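Student: I have a chain open here and have not looked at it before. Can you walk me through it?

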Amino acid sequence: MNEPLIKTLPPLWYVLHTKSRAEKVVHDVLVKKSIEAFLPTARVPSKRKDRRVMLDLPLFPGYVFVKTDLQADRYLSILKTPGAVKIIGNKEGPVSVDTPIVDSLRIMVRSGQSILTENLFRKGQKVMVVRGPFTGVTGIFSAYRGTGRVLVFIDILGQSASVEVDEEDIERIL
């Protein structure tokens, strides 16, 4: 009887979506599991008013890059990592990221230079507040309001209200 051939794919980079603020924990656990992972971070000044400290924050909040061949045992090990949500993909399955893109990110992070990213919220996008006093509130992104501040419209009982929050305190709802 012939054994079915199991096709093994070469390891490729994928983007793993994580729970909010769980990127570092997910990265560290994956590395302990001997799974190649990359969490690009940038040094940014803290927004605290009482003191000035530099923080290493993820360049892409909510995401960690993982290199895997998608064999069932590794795939499940990745998804069972505390804080992991799903590997980003489409209806056909996970979508890989080109290795040169990950290599470029590594070079940028290693340089120690300032790296600026934008969340690129567009007017009319559905968002959810994930931190702060309005945590859990969903609304519609309206506008940028100066450095790091955004305006979110909320429909309450047919009335429109708006709140101004930090840009990093909202996430797009897909």
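**Surface, sheet and salt bridges**

Tutor: The chain has an accessible surface of about 12000 Å², and 56% of that belongs to carbon and sulfur atoms. Such areas come from the Shrake-Rupley method with a 1.4 Å probe, and for residues only the protein chains shown count as cover. This is a predicted model, where local features need pLDDT of at least 70 and side-chain atom pairs count only at pLDDT 80 or more, while totals for chains, interfaces and linings use all residues. Residues are numbered from 1 along each chain as its sequence is written, and side-chain values use heavy atoms, with hydrogens and water left out.

Student: How many helices and strands does the chain have?

Tutor: There are three helices and 14 strands. Both are DSSP runs numbered from the N terminus: helices are H or I with at least four residues, strands are E with at least two.

Student: What is the strand order in the open sheet?

Tutor: The order of its five strands is β13-β12-β11-β10-β14, with antiparallel pairing. Strands pair if DSSP finds at least two bridges between them. At the edges are β13 (159-166) and β14 (170-172), each pairing on one side only.

Student: How many bridges join β11 to β12?

Tutor: Four bridges join β11 (residues 138-144) to β12 (residues 149-156). A143 has L151 in β12 as its bridge partner.

Student: Switching to charges, how many salt bridges are there?

Tutor: The count is seven, where a salt bridge is a side-chain nitrogen of Lys or Arg within 4 Å of a carboxyl oxygen of Asp or Glu. One of them joins R149 and E164 (3.4 Å, N to O). R149 lies in β12 and E164 in β13, so the pair ties together parts that are 15 residues apart in sequence. R149 and E164 also belong to a salt-bridge network with R145 and D166.

Student: What about K24, which residue does it form a salt bridge with?

Tutor: K24 pairs with D28, with the closest N and O atoms 3.1 Å apart. K24 and D28 are both in helix α1 (residues 23-32), four residues apart, about one turn of the helix.

Student: And D69, buried or exposed?

Tutor: D69 counts as buried, at 13% relative accessibility. Buried means under 20% relative accessible area, exposed over 50%, and partly exposed in between (1.4 Å probe, protein chains only). The side chain of D69 meets that of R74 in a salt bridge (2.9 Å, N to O), and R74 counts as partly exposed at 36%.

Student: What share of the chain counts as buried?

Tutor: Of its 174 residues, 30% count as buried.
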